Amino acid sequence: MNHIKVLLFATLRDRAGTKSLEMEIPDRATVQGLKDQIGRDYPNLKEAMGTVLISINREYAFDEAIVPQNAEVAMFPPVSGG
Amino acid sequence: MQPSNFPTFFSITESELDLNDLLAKITLPSTGAAAIFAGMVRGETSRWRRGRHPAQAKRGEAHETAFLEYEAYVPMAEAKMKQVAEEIRERWPSIEGIAIVQRIGKLYPQTPTVLIACTAAHRDTGVFDAARYGIDRLKEIVPIWKKEVGPNGEFWVEGEYIPKPGE
């Protein structure tokens with residue numbers, strides 16, 4: 001298993017009621033697999049998994065990407081800085 | 001001067017933005033022009049050009065803003081600001097200095113929130129377009145968010161851009 005930290009920002013943090021999640025995911029799990037697991041484990045986040053943006057080690061990551069060991073994952077809505 | 005000596009400055013700060021300080025950081029002996037974009041909190045919005053989501057449709061009506069509350073995923077935001085600066089240098093090699101600064105925290109109307117400044121030897125070097133590109137890209141890929149608070153409650157402002165692989 002792979003132990004990861006998932007940082008949550010903006011609407012994702014509000015929905016979860018926490019700034020981060022510590023999770024065990026299968027080795028070689030994909031981003032899509034991670035989203036599916038979060039949808040099951042955290043019902044408040046399920047709806048958001050359809051549109052959420054994901055970064056792995058501070059780079060944008062997409063559904064087919066494998067989550068590396070001990071990755072720093074972040075989940076957030078489309079950005080709105082400026 | 002070699003491009004490697006050209007200054008790039010980026011930061012995410014809770015402090016007041018200091019335009020003079022920023023300009024000094026990106027002004028070289030060869031610099032003769034700077035284009036500066038500043039964004040500020042708008043207290044009164046007469047209309048909103050987007051209305052895709054129900055929450056945004058509500059914002060599409062004229063409304064007042066008490067304050068905006070900004071947050072950032074700081075280490076990734078700094079990395080993406082650096083990337084925006086690199087993209088500017090690829091497109092406009094004559095740009096000398098680049099500064100990108102986002103203020104976060106609770107910010108009230110008429111307060112500057114973001115500054116993008118590009119310097120060059122002359123004004124006809126693409127320096128205006130470069131600053132415009134900088135603010136457009138910041139709003140697309142730099143992980144910063146704002147919550148709008150006003151008389152009708154709180155709304156997270158969500159962007160529309162979905163980054164592509166490689167961004």
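Predicted model: local features only at pLDDT ≥ 70, side-chain atom pairs only at ≥ 80, totals over all residues.
Local features are reported only at pLDDT of at least 70 and side-chain atom pairs only at pLDDT 80 or more, while totals for chains, interfaces and linings use all residues. Residues are numbered from 1 along each chain as its sequence is written, with chains lettered from A and ligands numbered from 1 in the order in which they are written.

Chain A contains three helices and five strands (DSSP runs, H or I of at least four residues for helices and E of at least two for strands, numbered from the N terminus). Their order along the sequence is β-α-β-α-α-β-β-β. The radius of gyration of chain A is 12 Å, which agrees with the value near 12 Å for a compact globule of 82 residues (taken over C-alpha atoms; the rule is 2.2 Å times the number of residues to the power 0.38). The C-alpha trace of chain A spans about 35 × 25 × 20 Å along its principal axes.

At the interface, 17 residues of chain A are in contact with 28 residues of chain B (C-beta atoms, placed from the backbone, within 7 Å). Strands β3 (53-56) and β5 (72-76) of chain A each contribute at least two residues to the side that touches chain B. That side of chain A consists of eleven nonpolar residues, five polar and one charged (Ala, Val, Leu, Ile, Met, Phe, Trp, Tyr, Cys and Pro are nonpolar, Asp, Glu, Lys and Arg charged, and the others, Gly among them, polar).

In chain B, an open sheet of four strands with mixed pairing has the order β1-β6-β8-β2 (two strands pair if DSSP finds at least two bridges between them). Strands β1 and β2 (33-40) of chain B are at the edges with a single partner strand each, so one side of each lacks a neighbour in the sheet. Neighbouring strands of this sheet are turned by 5° against each other on average, direction ignored (axes are lines fitted to C-alpha atoms, for helices over the stretch in contact, and angles run from 0 to 180 degrees between N-to-C directions). Helix α3(B) packs on the sheet, touching β1, β6 and β8 of chain B, and its direction makes about 150° with that of β1(B). Helix α4 (residues 127-141) of chain B also packs on the sheet, where it touches β2, β6 and β8 of chain B and makes about 145° with the direction of β8(B).

Within this sheet, β1 (residues 8-13) of chain B pairs with β6(B) in the parallel sense over six bridges, including that of Phe10(B) with Ile100(B). Strand β8 (residues 112-120) of chain B pairs with β6(B) in the antiparallel sense over five bridges, and Ala117(B) is the bridge partner of Ala99(B). Six of the six residues of β6 (residues 98-103) of chain B are buried. Ile98(B), Ile100(B) and Gln102(B) point one way from β6(B), and Ala99(B), Val101(B) and Arg103(B) the other way.

A second open sheet of chain B has four strands in the order β7-β5-β9-β10, with antiparallel pairing. The twist from one strand to the next averages 25°. Strand β9 (residues 144-150) of chain B is joined to β10(B) by five bridges, and Lys146(B) has Val157(B) as its bridge partner.

How values were computed
Contact = placed C-beta atoms within 7 Å. Buried ≥ 20, exposed ≤ 12 C-beta atoms within 10 Å, placed from the backbone.
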